[in-house]
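Biologist: Please take one part of this model and describe it closely, spelling out each criterion as you go.

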Amino acid sequence: MEDKLVSVLLFVEDVDDDLIKVAVDNVKEQTHNNIDLIISSFKEENSEEIKNYTSERFLNARWFNSPASPQFINETLSKADGEYVFYKTINNVAWFPRHIEAHLEEYKKDPKASWGLSHIENRDLSKAEIPFNTLSFRIDNPPKIKDICMDEICHTNNIDTDWVKCLVEDDGKPAFYAGLVLQQWTKSSLRGLIPAEITVEQWVEKNNQSSEKPFIEDIEKRIGAPAKTQIEEETNINDEGEIVVEKVFPTIVGNINFEDYNFHIRSAIKAIDKNDIKSVGIKRTVGMGDVILVEPIIRKIKKEFPNAEINFYTSSDNIVNYFESKPDNVHKIEEKDLMQDYLSTTNNEVKYDLDLSYESRLKTPFINSYIETLDLSTDEEDIYPTLISNSERLIEDKYVVVCGDGSGWPGKTWPISYYEELISHLQEKGYTVIETGNHNTDLTPSKYHACKFDDMVNLISHCEFYIGGDNGPMHIARGFSKPCIVINGAALTYMSNPNRENIMYLVNNNDSNLGLKHQQFINYSPNGQGITFVPIQKDGNDHCGIRDISPSDFIEAFNLFEDNNFSGSFISNYEADKISFKEFSIEEIEKV
């Protein structure tokens with residue numbers, strides 16, 4: 001998007017020329033240089049010195065006199081010619097050089113997005129000369145309305161934006177809250193984005209900073225770090241008595257913040273004969289669905305390293321028994337090893353740690369994050385996880401499996417009363433229903449409630465179709481290519497599982513928290529327990545729209561899916577509070 005024209009609206013109000021120069025220079029530092037600079041001033045006439053200073057840096061800069069009034073921002077915005085609009089003010093906020101470019105890159109990735117915010121780094125004003133003056137990072141998604149400043153807001157130039165609505169009364173006094181513009185956009189169901197990198201710095205007094213949150217952004221960049229970074233060599237004697245020098249590579253890690261390091265190690269691996277590699281270690285600690293997604297990765301690695309012994313390290317080792325492409329060895333590790341470079345303690349020549357892959361690659365399908373971490377070629381490769389079970393049926397009659405577990409997330413848990421209605425509907429239509437999870441009704445045989453793991457796999461592998469949320473059992477059903485109806489909220493199954501055949505996704509597209517798991521992941525636990533991998537919901541909404549999907553919506557969906565013999569791929573759309581469905585091809589779902 002190098003050629004896209006960007007309008008930067010610089011509001012200088014009534015300040016000294018020196019402050020205006022600082023702001024103009026800050027815009028000039030941007031790596032994106034196709035900028036339409038519009039300067040709005042309360043002064044009827046600014047000095048020739050500052051106008052000349054600005055024109056030397058932006059030949060086409062335009063100055064406008066905007067008398068102080070509620071409309072002055074709107075009036076300046078009406079003169080913007082750029083496809084995208086950014087705002088700059090004279091305050092304690094500065095843009096990093098990639099501020100504009102980072103946002104444009106996100107707009108390119110998500111063409112449906114209409115507005116964006118930024119990550120902000122807070123720096124200690126009293127210690128400006130000290131390199132380590134960072135106080136905290138604000139990465140709420142989005143932050144509280146009152147905390148949002150104009151300098152972190154941008155949007156496409158084709159959406160309705162009324163800045164007058166940001167002028168309100170607070171405790172009897174007039175106040176301007178730039179963040180209120182987001183309410184206009186979210187009410188219109190416009191999609192927003194936040195670049196992963198920090199693009200704004202804000203200088204503040206230390207006493208004004210809350211000490212409740214740690215430096216989360218810094219934590220993100222350190223978790224899952226490789227324990228070693230240097231390629232080592234080992235000297236061994238082979239069976240023929242010859243001395244052999246073998247390379248031992250440090251761990252390729254999932255965290256995208258180490259991508260430059262990963263590229264270096266992957267390049268070194270590509271430079272050797274992969275037939276000579278005798279052992280490869282793969283790690284994905286939790287959870288069940290994430291581990292199932294490693295099955296096609298093992299299949300690919302076996303082709304890449306035909307003579308290597310494949311060692312898989314996981315805490316969910318029981319599901320690996322059902323992999324079609326099995327590793328040579330399975331090593332059970334503890335869940336606490338999720339954020340540690342455990343593979344560095346092993347003797348594998350090549351090491352792939354898939355933990356923190358999708359967690360640090362937001363808006364990326366989970367299997368794609370694994371592929372990106374390993375830099376695998378996927379042309380004409382089957383990326384569907386495939387499970388195999390030779391066990392005899394526990395139930396001879398045909399039946400349906402329902403699992404209402406939400407993995408402990410409110411945003412993935414449909415109310416049990418809703419499940420009662422859908423199960424009653426299925427039973428009225430003559431279906432036998434089996435519930436296998438911990439979240440059950442009283443309408444089904446209790447002997448299968450919270451059943452043993454192998455019994456659950458057996459029941460799912462022989463069922464007619466599966467109904468539930470985005471959880472581990474759903475991934476098992478997909479692994480057996482069972483038709484599914486999946487009720488989504490915080491997690492979107494068309495992002496978490498690549499098998500999009502014979503499945504219907506139920507979602508509430510009007511909820512701003514829909515798919516929150518794919519928007520942000522690592523947060524500081526509100527209870528003070530440290531970092532958490534459960535996203536923090538916006539505006540106190542913890543259900544991400546899943547509760548707004550009614551049993552009647554499900555019944556309509558089920559009837560449609562049943563009429564199609566449980567084949568095809570469907571995703572729901574809410575229009576005027578009425579659910580409708582559209583059949584999607586796999587390629588179309590990729591674009592959703």
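At what angle do helix 1 (residues 17–28) and helix 2 (residues 48–57) pack, and how far apart are their axes?

Modeller: This is a predicted model, in which local features need pLDDT of at least 70 and side-chain atom pairs count only at pLDDT 80 or more, while totals for chains, interfaces and linings use all residues. Residues are numbered from 1 along each chain as its sequence is written, and side-chain values use heavy atoms, with hydrogens and water left out.

The two helices pack at about 5°, with their axes 10 Å apart; helices (H or I, at least four residues) and strands (E, at least two) are DSSP runs numbered from the N terminus, and axes are lines fitted to C-alpha atoms, for helices over the stretch in contact, with angles running from 0 to 180 degrees between N-to-C directions. Helix 1 and helix 2 are therefore roughly parallel, a label for angles under 35 degrees, as against roughly antiparallel over 145, roughly perpendicular from 65 to 115, and oblique for the rest.

Five of the five residues of strand 16 (residues 279–283) are buried (under 20% relative accessible area, with exposed over 50% and partly exposed in between, for a 1.4 Å probe and protein chains only), so strand 16 is largely enclosed by the rest of the structure. Strands pair if DSSP finds at least two bridges between them: strand 16 runs parallel to strand 17 (residues 309–314), joined by five bridges, with Phe312 as the bridge partner of Ile282. Strand 16 also runs parallel to strand 19 (residues 350–353), through four bridges, and there Val280 stands opposite Val350.
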